[in-house]
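These notebook entries record what I looked up, element by element.

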Amino acid sequence: MTHNTNSSIVRSNPPELGTPPGYSQIVDVTANRIIFISGQTALDRDGNLVGKSDFAAQAAQVFRNLASALEARGCNASNLVKMTVFLTDMNNLSSYREARNQFFASVTPRAAPAVTLIEVSRLYGPDFLIEIEAIAAA
């Protein structure tokens, strides 16, 4: 059950832990660089909120921002080894998963970092519905 996206990142799901949908139980990294990406929200390049009260639009923008951050360091979704996802309403879980799956479908083979998903009462801006911070390895 080991999945290699490149020689420095090994993702696995031991049978004792089960195979989760869309993420890995364990990510083993040997890398020259570790990239820490601050929490990304649904702000566009001009600092405007994308998708007020629209979770799907916000999630899409968050993943666009994450892709831009990775590209700025010469990386892509396959370099992600850990994500922490903050949702203000767990009822948006299926919409989050749709956006996540579309994002990771952008690389072959499909990446599946370790993920922690947390429901929070609010984020730093009252209109934000999702925030994702990430760690990548290259």
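Entry 1: I looked at the start of α1, where a side-chain oxygen of aspartate 54 reaches to within 3.3 Å of the backbone nitrogen of alanine 56. I counted this as a polar contact, that is, a pair of N or O atoms within 3.5 Å; within protein, one must be able to donate a hydrogen and the other to accept it, and residues adjacent in sequence count only if both atoms are side-chain atoms. Helices (H or I, at least four residues) and strands (E, at least two) are DSSP runs, numbered from the N terminus.

The model is predicted: local features need pLDDT of at least 70, side-chain atom pairs count only at pLDDT 80 or more, and totals for chains, interfaces and linings use all residues. Residues are numbered from 1 along each chain as its sequence is written, and side-chain values use heavy atoms, with hydrogens and water left out.

I then checked the length of α1: at 1.5 Å a residue its 18 residues should span 26 Å, and the end C-alpha atoms are 26 Å apart, in agreement. The expected span is 1.5 Å times one less than the number of residues. The buried residues of α1 include Phe55, Val62, Phe63, Leu66 and Leu70. Buried means under 20% relative accessible area, exposed over 50%, and partly exposed in between (1.4 Å probe, protein chains only). I found that the buried residues of α1 pack against β4, β5, α2 and β7, contact meaning heavy atoms within 4.5 Å.

Entry 2: Serine 53 lies in the loop between β4 and α1. Its phi is near 65°, a positive value in a residue other than glycine, and serine 53 is exposed at 66% relative accessible area. After α1 comes glycine 74, with a positive phi near 75°. I noted that glycine 74 is exposed as well, at 66% relative accessibility. Its C-alpha atom is separated by 8.7 Å from that of alanine 138, 64 residues apart along the chain.

**Entry 3: the sheet.** I traced an open sheet of four strands in the order β4-β7-β5-β6, with mixed pairing. Its edge strands are β4 (34-40) and β6, each pairing on one side only; two strands pair if DSSP finds at least two bridges between them. The antiparallel strands β4 and β7 are joined by five bridges, and glutamine 40 stands opposite isoleucine 132 in β7. Helix α1 packs on the sheet, touching β4, β5 and β7, and its direction makes about 25° with that of β7. Axes are lines fitted to C-alpha atoms, for helices over the stretch in contact, and angles run from 0 to 180 degrees between N-to-C directions.

Entry 4: α2 lies across β5, β6 and β7, running at about 155° to β5. Which residues of α2 are buried? I listed Tyr96, Ala99, Arg100, Phe103 and Phe104. Seen down the axis of α2, the buried residues fall within an arc of 130°, so they line one face of the helix; the arc is that of the directions from the helix axis to the C-beta atoms. The face turned away from that buried side carries the exposed residues Glu98 and Gln102.

**Entry 5: loops.** Proline 109 sits in the loop between α2 and β6. I recorded a cis peptide bond joining threonine 108 and proline 109, with omega about -5°. Asparagine 13, in the loop between β2 (9-12) and β3 (26-29), is buried at 10% relative accessible area. The side chain of asparagine 13 reaches the backbone nitrogen of glutamine 25 at 2.7 Å.
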